[in-house]
Amino acid sequence: MTAKRIALVVLFALALTACGAGKHVPRAGALPARAHVLFASDHAIVQSHVSDVAAGGQLVASLGFNPSVNGFSFQNYGFIAGPDLDAHAMRELFGDGVCAGTPADTCTLTPAAQQWAQATSESMVGGHCFGFSMTALRFFEHFLQPSAFGGTTVNSLEFSPTLQSEIAYAWATQTLLPVIDQTVFAQPSRIISMLEQSMHNPGGPVYTLSIDNGQVQGFDGHAITPIGIRQVDGTHYEILVYDNNYPDTTRAIPVDTASGQWSYEVEPGLVWSGQGGVNEMALTPLSASLRRQPCPFCAGSGGGFDTISLGGDPDAHAHLLISTSDGRRLGYSGGRFVDQIKGARVIH
């Protein structure tokens, strides 16, 4: 008899406050009347200078992605009143088994699917940056068409419930094991090498780039879209990015390949950095998010995992700590992060 494999997935999701930095005023009439959207700018500092691309240098690789055409005209947002993960998004993720009755994008979700969708939607309050990046790439790679959402280009699209559903779908994939398993954490020199190689190959993978502030306490994370590599001199490079907190703008992450150091001004006056193996960056291929995901809660799935999450204020939130009967712990204890439970995965 084969034992069912259980993976414990712990979601420290609401620390993703940097997913929503900057200032944006949405275009008049762009938002659906049914929903209130809390753009990150509603509680963040005012956007000042946003372009930090170095003058000069040589563009050595390009995805051909133009933020003013291929990026969204509206900014990354956090809380939204109403459902984030609807039946359409849930069917995209897991298939027809999420429906209690006849499969349809308007179906009533099973109780288990409703519970999972609600818990995951609550985790998006800190921002939808991963969803923005992956959805922009889905359009860029022609897995989605702007005409299906009422526009001629991605940048011409207005915020709508149907577009919101696609962004939520893409955000949710980062919490699932097949996507986690394909995410590569690496030092900046390897990140540049992977991006150059993929951008030089017309059929190569496209990626979302994830960075964080490198702190154990007060963890902040952000996901952006790498769109080019610029070489400034022999050891200094820039990873050019579409940052969904700054619409219509190309930004840059300076990298010194000699010292292995990178830095990024997430918002004016706030710089994140890493060096070598300390606070590495991460690449997640779009292909990982496109696949139908194993359903962790569907009947007859043959296995699964338990997800434990803790919600709260994105800035002044509590810390989660799980303890087993034999004294092993996972989470925050005494202000430090501990990971002692074998088989558990932590998703920040």
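Asp-243 is buried, at 0% relative accessibility (buried means under 20% relative accessible area, exposed over 50%, partly exposed in between, with a 1.4 Å probe and protein chains only). Its salt-bridge partner is Arg-251, with the closest N and O atoms 3.8 Å apart. A salt bridge is a side-chain nitrogen of Lys or Arg within 4 Å of a carboxyl oxygen of Asp or Glu. Arg-251 counts as buried too, at 1% relative accessibility. Arg-251 also lies over the face of Tyr-246, at 4.3 Å from the ring centre. For such a contact, NZ of Lys or CZ of Arg must be within 6 Å of the ring centre and within 35 degrees of the ring normal.

The model is predicted: local features need pLDDT of at least 70, side-chain atom pairs count only at pLDDT 80 or more, and totals for chains, interfaces and linings use all residues. Residues are numbered from 1 along each chain as its sequence is written, and side-chain values use heavy atoms, with hydrogens and water left out.

A search of the whole structure gives seven salt bridges. Arg-91 takes part in a bridge to Asp-105, the closest N and O atoms being 3.0 Å apart. This pair links distant parts of the chain. Arg-91 sits in helix H2 (residues 87–94), and Asp-105 in the loop between H2 and helix H3 (111–122), 14 residues apart. Helices (H or I, at least four residues) and strands (E, at least two) are DSSP runs, numbered from the N terminus. Asp-105 is partly exposed, at 39% relative accessibility. Arg-91 also bridges to Asp-96, with 2.8 Å between the closest N and O atoms. Asp-96 is partly exposed, at 41%.

The whole structure holds 14 aromatic pairs. Rings of Phe, Tyr and Trp (its six-membered ring) pair if their centres lie within 6.5 Å; planes under 30 degrees apart count as stacked, over 60 as edge-to-face and the rest as tilted. Phe-65 and Phe-140 form a tilted pair, 5.4 Å centre to centre with 45 degrees between the planes. Phe-65 lies in the loop between strand S3 (58–62) and helix H1 (67–70), whereas Phe-140 belongs to helix H4 (residues 129–140), 75 residues apart. Tyr-332 is buried at 10%, while Phe-337 is partly exposed at 29%. One aromatic cluster is formed by Phe-72, Phe-74, Tyr-77, Phe-132, Phe-139, Phe-149 and Phe-159.
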